[in-house]
Amino acid sequence: MTSATDNRTTDGRAVRFAVLRKLVKNPIAAVALVWFAGVLFIAAFAPLLATGGPNLTDLGAANLPPFSDGHFLGGDAAGRDILDRLIWGSRSTVMAILIVTVVSVAAGVTTGLIAGFYRGRFETIANFLVDVVMSLPGIVLLIALYALTGPNLPVAMAVFGLLIAPTYYRLVRSIVVSVRNELYVDAARVVGLSDLRIVGRHVLWAVRAPIIIQSSFTMAAGIGIEAGMSFLGLGDPTSSSWGIMLQQSFTSIYNNPVAILWPSLVISLTVLFLILLGNALSDVLQSSARSKVMPRRKRRAAVAEAQAAITGSPVDAEPAELSSSDDVLLSIRALRVGYPRSDGGITEVVHGADLDIRRGEIHGLVGESGSGKSQMAFSTLGILPKEAIILGGSVLLDGHDLLTDSKRQREARGTRIGYVPQEPMSNLDPSFTIGRQLVKGLRAARPMSKAAAHAKLVGLLERVGIRDAERVMSLYPHEISGGMAQRVLICGAIASDPDIIVADEPTTALDVTIQAEVLEILRGLSEERGLAMILVTHNLGVVADLCDTVSVMKDGLIVEKADVDALFESPREAYTQNLLASSRSVELMEIEQ
Amino acid sequence: MLLNLMKNLLRSLGVLLVTTFAGFALMFGNATGIASSVLGIGATPESVQAKVVELGLDRPLLVQYWDWLTSAVTGDLGRSFYTGQQVSEALSQRVPVTLSVIIPALALTALISVLLGVAAAVRGGGIDRFVQFFSVGGTAIPNFIIAIALVFAFAIHWRIFPATGYVAFGDDPWQWVLSITLPMLALLVGAVAGGAQQFRTAMLDTLGSDYVRTLRARGMKEQPIIFQHVLRNAAAPGLTVVSLTMLSLLGGAVFIEQVFALPGMGRLATDAAKISDVPMVMGTVMVTVVIVLVINFVADLLIQTLNPKARMR
């Protein structure tokens, strides 16, 4: 989505060339393009390329093996040259895919545009019809149509186009609905552009990439259905099409088994290449949409490369000082985290950050979104996304590195380090009751009987302010409020008595009144149990309220670390000063309102 | 839940009415066309007119449809224009043949797709690349070409399975197994290719969800997370995949029956269409739609019983 809108600023032609260049670089896509262009070329110049007409028979050539004199691929049962028939047959294939594509794009895109742009009753009816069409096997309807029209390929292909138009309809409608709500479309409206111009200029631009990608799959389907209809004997037997050739050679499969190979091969390869082309197109046009997990070998090479690059660099030369002494519980050293890019490189998002947490300390980790603070939090628990790559550094728990010792890390989860997530609702499994998932989690960390776990959790739920805890245990996540869900998650984190809690923006998703309560709970728990806490947040108010120490993070680096009072009184770094100033002005604005 | 069920049922009935009427209007709309193709090339305009009246095609379309519908409800789908055979009788012979191929194919597709999809999503690496590769190849090659290749290999080259024909289960169970093995395999390739890929996506979506991360952070081991939590939540999209697979199997069976000369409903439809035996074609369209709707309905029902949110209401 974003890629489609970002491109708008650049010159259209330049973009097209860039896409083509990227496509050609991909060897599979290049072969696919050449094949497809070849089929188009052969269809266009069939009369020049073929040595005779499609139905020219030469009885002497009947069932001739391939590579015979004058008949390169041999002859079929009726003595027709197979290569010539393939050449002529490409014409009905190309015609079929043209009709299917034009009809389905025209029908699907127009209805999708109208439904997505105007919504209302048109959309309701269109959605119902689309459901109807999509719940039918197309081939059965095409057979029914044959009963009416007889062998009429263009009509059959047009109808097939209508039958697969719903794919475009759904695609376009969903994109239009989301584009419509974007600001620039509103702006265009305010400026007074007519609907038609808005659609033409902004909406069509956003949908063009998905349409191109889908079209190569549509063409593949068109070839398949054309061949299939002919194979069923529902084509015109006097014409030459790949499907007809397949059917006719299938009937003489015992006399001339090789003849069936050629149409099968041509049909399969053309369909296959169109699908590969579609995949390659979607990689090129929508590459930003996906981040792929790197294969293990490439991953190892990338890590080695990254480590080689930093030896001798200032980060490594100046060993980070260990603050105070042995009451440091968890310490992150020179942590570097990266993500693979679509071009095979790695984008580093954390560039060697250090962090020390002492026993019982609440340590704020602040910074803008994208500064890498959540990445730091996740790496202490080993719950970074699958595609993330740890490029270097260590996470020391009681002096043992967790990053190199996955067994120790697994054991530390839950038992030593607890986790309180940001979004309360999405962090509870919707298919299990609160009680079942809490009990399971607790028993995974600390082996105990179900009854004991249940009793302990009920007690904890009451501690965090849930009154009818027994009832809440039997509810499903969708039956409780966001604030209650966050209390449940806090219980899940502390139930197994960890020494440190990693809380990732624990109040951001909550109402203001509930935020204060949740912070109060966290503070209380920390005091009662001597719990240390890493509190990831962008809210300096929360930091001032709760934290003992603060680390400020910017662009993947810790830029400042201080006691909370010192930081608020005299921030050293310019960035911290800015952060403080902007948060104060927000507060002022809130007060003025 | 009950309300949803009723809504679904009404919707299915709506779809059935819309599709049968559309099909009916399309096919019975061209009265003289049907009559002249029934009579053959030498028919005079008078005899065509007489035939139109004889077949009842001169009545208003809505009346004809109403007649057809009311008798269809009682199980009477009319008679073949050619043989005079009851359409319902022909269908009762043909439908079991098709179902005896596609139901085992559906079951195997679901099983194999789940196994492959889970392995690809969880293990990644080689098995994942294999699934990706197989899903492109398997969906690209039309199933009738796969069927032809299978005939070549296992019926002509190695004579393990019969190339054509069908033996009913009741007549000889072992022969039945032999006769449906190749057709089923031919259907399976494409269906598994699509199914495994879609199930892999469903698994990956669930694996990447927030609650899986939280479960991990609580110290749960990977295996119980996958088998208890992820599979449970990927089941609903998985069932949707299964119902879509049924749709593609029904379509694919038409071609497969042609290759293996199976006397199923796909061939019935194809043969009837070639001679414009409209009541017969109409009957197969209706049965196909009913099968699809029943499968969708059952899948919806299962999805709802799996979803605690829907179960409550």
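**Exercise 1.** Into which domains is chain A divided?

Solution. This is a predicted model, in which local features need pLDDT of at least 70, side-chain atom pairs count only at pLDDT 80 or more, and totals for chains, interfaces and linings use all residues. Residues are numbered from 1 along each chain as its sequence is written, and chains are lettered from A in the order in which they are written. Chain A consists of domain 1 (2-289) and domain 2 (328-592), with bounds from an automatic or database domain assignment. Taken over C-alpha atoms, the centres of these two domains are 51 Å apart.

**Exercise 2.** Describe the side of chain A that touches chain B.

Solution. Start with the contacts (C-beta atoms, placed from the backbone, within 7 Å): 55 residues of chain A meet 55 residues of chain B. Next, take the helices (DSSP runs of H or I, at least four residues, numbered from the N terminus). Helix 7 (138-149), helix 10 (195-231), helix 12 (261-285) and helix 17 (434-445) of chain A each supply at least two residues. Helix 7 of chain A gives the most, nine residues. Finally, sort by class: 33 residues are nonpolar, 17 polar and five charged. Nonpolar means Ala, Val, Leu, Ile, Met, Phe, Trp, Tyr, Cys and Pro; charged means Asp, Glu, Lys and Arg; the others, Gly among them, are polar.

**Exercise 3.** State how many residues of helix 9 of chain B are buried, and what covers them.

Solution. A residue is buried if 20 or more other C-beta atoms lie within 10 Å of its own. In helix 9 (residues 210-217) of chain B, seven of the eight residues qualify, among them Y211(B) and R213(B). The cover includes helix 15 (373-381) and helix 17 of chain A, together with helix 8 (173-207) and helix 10 (222-260) of chain B.

Key. Two residues are in contact if their C-beta atoms, placed from the backbone, lie within 7 Å. A residue is buried if 20 or more other C-beta atoms lie within 10 Å of its own, exposed if 12 or fewer, and partly exposed in between; C-beta atoms are placed from the backbone.
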